[in-house]
Amino acid sequence: AEIARKRGCDFVIVTKSSGNEGVDDDVWPRLADMVKDIIRENADEPIVPSNYGTININDGAHVVFDSVGRASALASLECLRPLGTAVFFGNASGAPPDIDPLLLSRLGSLSMTRPKLHDFIRTRSEVVQRSGVVFQMLKRRELDLNIQEKIDFTREGVVRGTKMLQERKTVGKILFDIKRGLRLYRKHQKAAEYISASRKANPSDGEKISRISGEVAPQTLEEAYNVQELVKDAILLECSGTKVVGKKIAATSVMAQNSVSVDEPFYGNLFSHSTFASGATISIDDVALGLQEGFLLIEPEFAVRMNVDTEAGLVYTPETIKSLVGSVIPSVEIATSAFVMSDLEAFKNLGAPSLIADNACHGALVLGNELVGDSADGDVGFRNIVDNLGEHTCKLEVNGNKLADGAGEQVLGHPANALCWLANALGRCGKILRRGDIVTTGVCVDRLVLAKRGDSV
């Protein structure tokens with residue numbers, strides 16, 4: 001539009017209203033009259049009737065550029081004067097409908113096109129020539145471009161920028177900073193390599209790190225999750241046959257948040273190779289688990305298995321997320337750390353970004369007997385159990401001695417609140433929970449308990 005305006009074109013711009021959808025739908029039948037009235041009021045030339053019909057020779061726009069698609073396509077054609085051209089270049093409301101060539105004839109021998117950019121830049125010389133024109137206009141300040149935001153060219157950045165475009169929340173250009181994105185990727189890759197190597201190291205050998213070095217340490221939660229994604233990729237590569245089986249949620253109780261100095265939950269990944277059935281014997285020496293002897297936190301939790309995929313575009317409430325739960329599983333997570341932990345105080349001082357980057361401190365998961373709901377019958381009994389998980393109690397025993405008590409209400413008031421938080425947090429990043437995924441909702445006892453080699457939990 002800016003280039004066309006510089007070449008002498010005048011525009012009537014019709015934009016989507018910010019009100020309800022019904023307002024937009026009502027516009028299309030009246031669009032042609034609205035546009036033609038505006039052109040008549042601002043044009044210097046008188047309207048010239050045709051000798052061959054009711055369509056005036058010069059009444060309407062020479063060209064219509066339509067990015068809406070299905071909802072507006074026919075209305076756009078009606079905005080044109082005879083011999084006008086309709087250019088369809090977007091599908092915001094869906095693809096434009098099939099248009100009968102005879103309709104183009106009846107409306108004044110109109111032309112119609114649906115261009116694709118790559119057909120106009122098929123060769124390097126065409127790319128250089130066309131981009132050169134634009135850059136020269138920018139250099140001469142003939143174009144006034146509104147740059148809304150620069151976004152780092154990272155996984156999360158691309159997801160966020162694409163989501164802004166899809167949800168039509170842009171009022172200017174969205175630029176991806178590739179150089180900074182690559183610098184961040186190399187930084188995150190280095191941090192992931194440190195964590196992966198430290199997970200496998202023995203503290204007694206002096207090869208386990210106490211923290212990620214300052215220049216590559218993640219500084220924000222977004223950076224931390226980017227590093228976590230790379231750590232996940234490394235685990236999948238190193239552990240043959242393993243796969244992601246769900247998510248763990250950490251820091252979902254006041255006690256847990258205080259223990260790591262955070263004020264909101266965070267999440268990590270669960271893997272098939274580190275998920276066991278009740279009664280299993282878990283080896284601290286299994287390098288694939290990354291368990292740190294001397295720092296094995298035992299966390300009783302309510303786990304659930306999803307029966308339906310979540311949707312990235314939806315905002316869930318505790319009530320709506322409950323309906324997606326297919327089963328409830330008592331579980332015990334073993335939380336550990338890739339970083340040397342001399343005591344719980346060191347764990348508290350590590351900081352949320354490092355905890356998140358280290359796959360939210362996940363070591364292993366033991367699942368008890370799974371209580372499966374009967375979705376076909378609605379299973380009122382199962383739904384009551386899910387509704388009342390906040391009231392379910394649990395106790396933690398190590399070697400037959402009770403060390404902690406708790407209940408579902410420890411988990412953000414109810415495990416469904418934690419599950420709701422996770423679904424919405426993932427959705428904001430364009431991610432979802434899938435049918436069959438296991439989700440551990442967070443520790444539900446009132447204190448942290450460390451186990452040691454040989455303990456029975």
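Biologist: Is Asp405 buried, partly exposed or exposed?
Modeller: Asp405 is partly exposed, at a relative accessible area of 34%. Keep in mind that this is a predicted model.

Biologist: And what does the side chain of Asp405 meet in a salt bridge?
Modeller: That would be Lys402, with an N to O distance of 3.1 Å.

Biologist: Nice. How many salt bridges does the structure hold?
Modeller: There are 21 salt bridges in the structure. One of them pairs Glu45 with Arg81, whose closest N and O atoms lie 3.5 Å apart. That pair links distant parts of the chain, 36 residues apart: Glu45 sits in the loop between helix 3 (31-42) and strand 1 (61-66), and Arg81 belongs to strand 2 (residues 80-88).

Biologist: Is Arg81 buried or exposed, then?
Modeller: Buried, because its relative accessible area is 9%, under the 20% cut-off. Glu45 has a relative accessible area of 40%, so Glu45 is partly exposed.

Biologist: Switching topic: which residue does Glu126 meet in a salt bridge?
Modeller: Glu126 meets Arg122, at 3.3 Å from N to O. Glu126 counts as partly exposed, with 22% relative accessibility, whereas Arg122 counts as exposed at 63%.

Biologist: Last one: which residues are linked with Arg40 in a network of salt bridges?
Modeller: Asp37 and Asp59 are linked with Arg40 in that network.

How values were computed
Residues numbered from 1 in each chain as written. Predicted model: local features only at pLDDT ≥ 70, side-chain atom pairs only at ≥ 80, totals over all residues. Heavy atoms only, no water. Salt bridge = Lys/Arg side-chain N within 4 Å of Asp/Glu carboxyl O. Helix = DSSP H or I, 4+ residues; strand = E, 2+ residues; numbered from the N terminus. Buried < 20%, exposed > 50% of the residue type's maximum accessible area, 1.4 Å probe, protein only.
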